[in-house]
Amino acid sequence: MSGGSNFVAPGQYRHLRACMVCSVVQTQQKFIKDGCPNCEDYLNFRGQPDFVDDCTSPVFEGLITLRDPKNSWVAKWQRLDGYRKGVYAVKVSGNLPVEASEMLAAHNIEYRPRDGSDINQD
């Protein structure tokens, strides 16, 4: 019996990290093995543990489970509409490295911090 690809065993909770760009929450190993489900095309986390450490944070608040991101008002409120189904943090603490910001800019993606400091900039 499988718990699904996003199942996290209770002993692994301390290994959870949130992407500083999209706020998806996964274990550190899942980021390294599979990359970020939303940002992989731009940031290339897969197979780069140091970059995963730099662009994800173990310090985050609240969890949101999105089943239908396209139609969810919570997804719109959290700027998650258009992202994949999954578990997301409400707020993510940390500073995205300049290298990652430049990679996003090269793809015409504006980085907006997920720590609550960008709340009034819509």
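Reply: Ser23 sits in the loop between strand E1 (16-19) and strand E2 (25-27); helices (H or I, at least four residues) and strands (E, at least two) are DSSP runs, numbered from the N terminus. Please keep in mind that this is a predicted model, where local features need pLDDT of at least 70 and side-chain atom pairs count only at pLDDT 80 or more, while totals for chains, interfaces and linings use all residues. Residues are numbered from 1 along each chain as its sequence is written, and side-chain values use heavy atoms, leaving out hydrogens and water.

Ser23 counts as buried because its relative accessibility is 0% (buried is under 20% relative accessible area, exposed over 50%, partly exposed in between, with a 1.4 Å probe and protein chains only). Leaving aside residues up to four places away in sequence, Ser23 touches Ala18, Leu80, Val87, Tyr88, Ala89, Val92 and Arg114; a contact here means heavy atoms within 4.5 Å.

You will find Gln78 in the loop between helix H4 (73-77) and strand E5 (86-92). Gln78 is also classed as buried, because its relative accessibility is 10%.

Now to the charges. Side chains of opposite charge can pair when their charged atoms come close. The model has two salt bridges, each defined as a side-chain nitrogen of Lys or Arg within 4 Å of a carboxyl oxygen of Asp or Glu. In one, Asp34 meets Lys30 at 2.9 Å, N to O; both lie in helix H1 (residues 28-34), four residues apart, about one turn of the helix. Asp34 also pairs with Lys33, with the closest N and O atoms 3.7 Å apart, so Lys30, Lys33 and Asp34 are linked in a network of salt bridges. Asp34 is partly exposed, because its relative accessibility is 29%, whereas Lys33, at 62%, is exposed.

Elsewhere, Asp50, Asp53, Asp54, Glu99 and Glu102 form a negative surface patch (charged patch residues have over 30% relative accessible area and no salt bridge, with like charges joined within 9 Å). Helix H3 (49-55) and helix H5 (98-106) each supply at least two of its residues, and H3 gives the most, with three. Asp53, in helix H3, is partly exposed because its relative accessibility is 32%.

Notes:
Patch = residues over 30% accessible without salt bridge, like charges linked within 9 Å, V, L, I, M, F, W, Y side chains within 5 Å. Areas by Shrake-Rupley, 256 points an atom, 1.4 Å probe, with all protein chains shown as cover. Lys, Arg positive; Asp, Glu negative; His and termini not counted. Charge placed at Lys NZ, Arg CZ, Asp CG, Glu CD.
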